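Dear colleague,

I am passing on a structure that I have been going through, and you will find the sequence and the coordinates just below. My notes on what turned up follow after that, and I would be glad if you read them with the model open beside you.

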Amino acid sequence: MKAVNLLLALAVGSMATGAVAAEKYIPSLYNFSVMYDFNPVKGKVKELTTHIISKEQGYDYKINVSLTPDGCIQSLTRTGKYAYGEAHLTKQGQQLTGTANNSPVAYALDEHCNLTGMSDKYGKTTYRTNEAGFIVETTLNDRRFSSHTYNDNGSLVRAEFYMYDGTVLPTEVTYKDEVMKPFDAEIKTLSPVGGSYYARNVCQYDKNQVPVKCSAFITETKDGVAKEREDISSTEVVYY
C-alpha cells in the first residue's frame, strides 16, 4: 500500500447520519479499495465503478467491482491506462484469482469472504484484520510491511510503512468532517531521508454519501523540488 492509496480509501467507521446511519462498509470492498485505489462506499453494494484521471501522470483508467448479496467480491477489473497495467480477478471458491500488475495473483479469503492473504510474483503477503474485518497489519514474506491505526470512530488516522533498509514512513490522516464528509481529508508523509508527500482530498457527495466526484490535490517534494498535481475520480454505485 502506498500513501496515495490512502487518499482513495480513508474512513472505515460506521458513524453517519440520515439514510446511511445504519450502514457500514463491507470489509472486503474496503480492503480492496486500499490496494486498488478506489473509494469504498457504505451499504449493500451490488456494483461499484470508479473512473480515475491524472493528467500529469498520464493515467486514465476504470475500476469495476461486483459483489454478491452477502458481501463477497465476485469480480474486480482495472482497465485503461495505468502504470501497473490491467487487472482481471474472479472469485473461484475461497480465492479471488486472475492477473494484476501484468502477472498472476491469488487472494485467499476466509469463510466470510474477508481477506487473509495473497500470493504473487513477489511472494506471500499475510493480512491481519481487526474485529470489523479491516486490515491492521500486513507482512510480506514474513517481514512486517505496514500497520494501520484507527480512532474511536473507526476512521484511519495513521499508517506506517516499513522499508527494507529499516526506515519507517509514517503517514498521518486528518479529517475536516469525518462523519458527513468521510473522504475530505489531508494526508502527510515525511520521509526520514528527506522529501515529503502532502495531499488534500475534496469530494462532492450524493444523499447516500457516495463520493460522486473527488479532486486530490497532491504535492510531492524531493531534493527540495516540489511537484504538484490534481487527480480526479468519479464513482457510480448500484445497490441491492
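The link of Cys 203 and Cys 214 is right-handed, with 110° about the S-S bond, and the sulfur atoms of this disulfide are 2.0 Å apart. Cys 203 belongs to strand 14 (residues 196-205) and Cys 214 to strand 15 (residues 211-222), so the pair ties together parts that are 11 residues apart in sequence. Please keep in mind that this is a predicted model. Cys 203 counts as buried at 9% relative accessibility, and Cys 214 is buried as well, with a relative accessible area of 2%. Across the whole structure the search finds two disulfides, and if the bonded cysteines of the protein chain are numbered in sequence order, the pairing is 1-2, 3-4.

The other disulfide joins Cys 72 to Cys 113, with an S to S distance of 1.7 Å. The torsion about the S-S bond of Cys 72 and Cys 113 is about 80°, so this disulfide is right-handed. It links distant parts of the chain, since Cys 72 is in the loop between strand 2 and strand 3 while Cys 113 is in the loop between strand 6 and strand 7, 41 residues apart. Cys 72 counts as buried at 8% relative accessibility, and Cys 113 counts as buried at 6%.

Asn 114 is placed in the loop between strand 6 (103-109) and strand 7 (115-120), and this residue is buried, with a relative accessible area of 16%. Leaving out residues up to four places away in sequence, Asn 114 touches Pro 27, Ser 28, Ala 108 and Leu 109. Leu 115, again with neighbours within four places in sequence left aside, is in contact with Asn 31, Phe 32, Met 35, Tyr 107, Ala 108, Leu 109, Tyr 127, Thr 129 and Ile 135.

Turning to the nonpolar cores, the largest has 30 residues, and those with the most contacts inside it are Leu 29, Phe 32, Tyr 36, Phe 38, Val 65, Tyr 107 and Leu 115. At least two residues of this core come from each of helix 2 (27-36), strand 1 (45-54), strand 2 (59-67), strand 3 (73-81), strand 4 (87-92), strand 5 (95-100), strand 6 and strand 7. Strand 2 gives the most to this core, with five residues. There is also a second, separate core of 18 residues, which includes Leu 156, Tyr 175, Ile 187 and Cys 214.

The structure holds nine aromatic pairs. One of them is formed by Phe 32 and Tyr 36, which are stacked, at 6.2 Å centre to centre and with 25° between the planes. These two residues are four apart in helix 2, so about one helical turn separates Phe 32 from Tyr 36. Both are buried, Phe 32 with a relative accessible area of 1% and Tyr 36 with one of 4%. Phe 32 also pairs with Tyr 107, and because the ring centres are 4.9 Å apart and the planes stand at 70°, this pair is edge-to-face. Phe 32 lies in helix 2 and Tyr 107 in strand 6, so the pair ties together parts that are 75 residues apart in sequence. Like Phe 32, Tyr 107 is buried.

Two further ring arrangements deserve a look. Tyr 59, Tyr 61, Tyr 82 and Tyr 84 form one aromatic cluster. Elsewhere, the charged end of Arg 143 sits over the ring of Tyr 164, at 3.8 Å from its centre.

Lastly, some backbone angles. Most residues other than glycine have a negative phi. Asp 37, however, has a positive phi of about 60° although it is not a glycine, and Asp 142 has a positive phi of about 70°, likewise without being a glycine. Asp 37 is found in the loop between helix 2 and strand 1, whereas Asp 142 lies in the loop between strand 9 (135-140) and strand 10 (143-150). Is each of these residues buried or exposed? Asp 37 is buried, with a relative accessible area of 4%, while Asp 142 is exposed, with a relative accessible area of 79%.

With best regards

Technical notes:
Residues numbered from 1 in each chain as written. Predicted model: local features only at pLDDT ≥ 70, side-chain atom pairs only at ≥ 80, totals over all residues. Heavy atoms only, no water. Buried < 20%, exposed > 50% of the residue type's maximum accessible area, 1.4 Å probe, protein only. Contact = heavy atoms within 4.5 Å. Core = buried A, V, L, I, M, F, W, Y, C linked by side-chain atoms within 4.5 Å. Phe/Tyr/Trp six-rings, centres within 6.5 Å; stacked < 30°, edge-to-face > 60°. Lys NZ or Arg CZ within 6 Å of the ring centre and 35° of its normal. Disulfide = S-S within 2.5 Å.
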